[in-house]
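Q: I'm new to this one. Can you walk me through it?

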Amino acid sequence: MYINCEFSEPTGQVFGEYTLSYLTELFLACLKDLQSRNLLKEIDTDKLFSNITEILDCNVVFWRNTLFPLVRDMRKNRRTSCIENMLEGFHSIQDVFQPYYKYCAEQARCQHHCRENMDSEVFTAYLTWCESQKECNRLRLMDILVQPMQRLTKYGLLLKAILKNTDEDVERENLQTMIKMVDDFVNNVNSSLKHRQDKERLKGIIARIESYDIVILFLFKIIADNQ
């Protein structure tokens with residue numbers, strides 16, 4: 001079995017751990033350094049980056065414990081270890097990747113916080129310098145912030161690539177089980193996000209209805225006073 005992908009040890013460049021790490025080591029670290037010098041104190045790092053450090057940590061743990069042993073054996077022995085060894089790691093995907101629920105739910109707020117501070121010359125200079133670094137590959141911060149969400153699907157893509165090159169029935173069954181686990185997790189995150197959006201939308205509708213009630217009561221009062 002052969003997979004036409006290059007992997008780097010142990011962070012997994014193919015999955016963009018570098019993307020996650022330079023969000024923390026470049027953008028976040030630079031911002032914290034500026035704030036330590038009393039610059040950009042108005043920028044809320046939690047609002048701008050949410051729990052990106054937790055996202056990085058859970059991906060590194062999952063890669064090292066679940067996927068890297070497979071890649072290591074492929075590179076060392078020119079063959080894969082037993083696919084079944086990965087199955088246990090994928091059984092824990094819901095627990096390991098819990099930080100994604102918060103990160104995805106807060107993405108709109110992160111994007112908004114970035115946009116609302118674009119009038120600041122210092123903030124714009126900070127973004128320009130960070131985004132000019134070669135690690136960013138000419139991407140803007142707001143583009144990079146969504147990549148941790150997009151990368152969730154890459155686990156499924158890797159498994160499907162392995163499945164395509166696997167002949168043994170037992171291993172194919174295990175791979176299909178893992179693919180379903182990834183798909184179920186992505187669907188759960190999407191459902192949670194939709195539920196949150198629906199809840200916020202409902203709160204807005206209720207607020208408007210309550211404001212209409214106040215106006216109606218006020219009008220009734222005027223009418224009553226004029227009778």
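A: Here is a short tour, starting with the overall fold and moving on to single residues.

Q: What kind of model is it?
A: The model is predicted.

Q: How many helices and strands does the protein chain have?
A: The protein chain has twelve helices and zero strands. From the N terminus on, the order reads α-α-α-α-α-α-α-α-α-α-α-α.

Q: What share of the residues is buried?
A: Of the 227 residues in the protein chain, 41% are buried.

Q: Let's go inside. Which residues touch the most other members of the largest nonpolar core?
A: Phe27, Phe49, Met86, Phe90, Phe97, Tyr126 and Leu141 do. That core holds 58 residues.

Q: Which helix gives the largest share of this core?
A: Helix α3, residues 52–77, with eleven residues.

Q: Pick Tyr126. What is Tyr126 in contact with?
A: Beyond its neighbours within four places in sequence, Tyr126 contacts Phe27, Leu28, Cys30, Leu31, Leu34, Leu40 and Phe49.

Q: Now Thr45. Where is Thr45?
A: Thr45 sits in helix α2, residues 45–49.

Q: Buried or exposed?
A: Thr45 is buried, because its relative accessible area is 17% and the cut-off for buried is under 20%.

Q: What does Thr45 touch?
A: Leu28, Leu31, Gln35 and Ser50, if you leave out residues up to four places away in sequence.

Q: Next, helix α7. Which residues of α7 are buried?
A: In α7, residues 107–116, the buried ones are Gln107, Cys110, Gln111, His113 and Cys114. They lie on the same side of α7, because they cover an arc of only 160 degrees around the axis.

Q: What do the buried residues of α7 pack against?
A: They pack against α2, α6 (99–105), α8 (121–131), α9 (141–145) and α10 (147–150).

Q: Where is Glu106?
A: Glu106 is in the loop between α6 and α7. Glu106 is buried, at 14% relative accessible area.

Q: How far apart are Glu106 and Phe49?
A: In sequence, Glu106 and Phe49 are 57 residues apart. In space they are 9.0 Å apart, C-alpha to C-alpha.

Q: Switching topic: how many salt bridges are there in the whole structure?
A: A search finds three salt bridges.

Q: Which residue does Glu106 pair with?
A: Glu106 forms a salt bridge with Arg109, and the closest N and O atoms are 3.3 Å apart. Arg109 is partly exposed, with a relative accessible area of 36%.

Q: And Arg37, what is its partner?
A: Asp33, with the closest N and O atoms 3.0 Å apart. Arg37 is exposed, at 56% relative accessible area. Asp33 counts as partly exposed, at 35%.

Q: What about Asp184?
A: Asp184 forms a salt bridge with Lys180, and here the closest N and O atoms are 2.8 Å apart. Asp184 counts as partly exposed, at 30% relative accessibility.

Methods:
Residues are numbered from 1 along each chain as its sequence is written. This is a predicted model: local features need pLDDT of at least 70, side-chain atom pairs count only at pLDDT 80 or more; totals for chains, interfaces and linings use all residues. Side-chain values use heavy atoms; hydrogens and water are left out. A nonpolar core is a set of buried Ala, Val, Leu, Ile, Met, Phe, Trp, Tyr and Cys residues joined through side-chain atoms within 4.5 Å. Buried means under 20% relative accessible area, exposed over 50%, partly exposed in between (1.4 Å probe, protein chains only). Helices (H or I, at least four residues) and strands (E, at least two) are DSSP runs, numbered from the N terminus. Contact means heavy atoms within 4.5 Å. The arc is that of the directions from the helix axis to the C-beta atoms. A salt bridge is a side-chain nitrogen of Lys or Arg within 4 Å of a carboxyl oxygen of Asp or Glu.
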